[in-house]
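Visitor: I would like to go through the terms used for this model and see what each one rests on. Please show the structure before we start.

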Amino acid sequence: MTDGFLVPGPTATGPLAASVTRVAELAGKLGLSYGEIFDVHQLSEASGVPADVVTALLDGRPAGEPDLQARFLQRFDLLRRTRLKPNGRRYTQQEIADGAGMSRQQAGALINGDRRPTMEHCDAIQRFFKVHAGFLTAEDADALNGALQRTEQRLLHDYAGEGDPLERLLQDHGVRGIAWRAAQLPTDKHRDKVTEWLDMLLESVKPTEL
């Protein structure tokens, strides 16, 4: 840890380690500070994972996985503290209930942990707070990895800002990233879809013949 942020290294494990490596490489190519990219508190807000758990996971240390109910309560509380109204105030139970299409009593029971959430509850709350699907339910390592992958996409977009984006993607970064992602897909049918998409993308960026 340096100046409040984590210096990435080969300590995280599994898919998370691969994402850390790719994001760190991109940050270096863009001349960005690791303090900005690997800020523990920003990663916590983006993923819903507590800051101390983010630190532990990036260090490759076990952090103790809460059960689904505890995870939901933890992340719902984080949403209420960090996703505020334009005036800087928290959303009230009634506003959350109205926006998520439930009664105030239901919202209160979920906030207080008196009622176990259904997937419909989670989806409605996530839509209300405009966060990605799975924010309230994904396991900590998966949630943090997802946040880093979204950071990676943003950095890739920035990195491809000059010249041919596909050429930069394939030459400088994307071969490893695309291959790794394709390898995680469960069936050949899914991988064929990736190949089909890449073929269409290649066709779309071919130079026009004069």
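Visitor: Which residues line the second largest pocket?

Guide: Glu36, Ile37, Asp39, Gln42, Leu43, Ala46, Ala147, Arg150, Thr151 and Arg154 line it. The elements that each give two or more of these residues are α2 (34-37), α3 (40-47) and α9 (140-159); helices here are DSSP runs of H or I with at least four residues, numbered from the N terminus. The model is predicted, with local features needing pLDDT of at least 70 and side-chain atom pairs pLDDT 80 or more, while totals for chains, interfaces and linings use all residues. Residues are numbered from 1 along each chain as its sequence is written, and side-chain values use heavy atoms, without hydrogens and water.

Visitor: What makes a set of grid points a pocket, and what makes a residue part of the lining?

Guide: On a 1 Å grid over the protein atoms alone, a pocket is an open set of points where a 1.4 Å probe fits, with protein on both sides within 12 Å along at least five of seven lines; a lining residue has an atom within 4 Å of a point. The second largest pocket has a volume of about 200 Å³, a volume being the space filled by probe spheres set on the points, which are joined across faces, edges and corners.

Visitor: Which element gives the largest share of that lining?

Guide: Helix α9 does, with four residues.

Visitor: Why is the contact between Arg75 and Asp140 called a salt bridge?

Guide: The term requires a side-chain nitrogen of Lys or Arg within 4 Å of a carboxyl oxygen of Asp or Glu. For Arg75 and Asp140 the N to O distance is 2.7 Å, so the pair qualifies.

Visitor: How do you know whether Arg75 and Asp140 are buried or exposed?

Guide: Buried means under 20% relative accessible area, exposed over 50%, and partly exposed in between (1.4 Å probe, protein chains only). Arg75 has 0% and Asp140 has 2%, so both count as buried.

Visitor: How many salt bridges does a search of the whole structure find?

Guide: Six.
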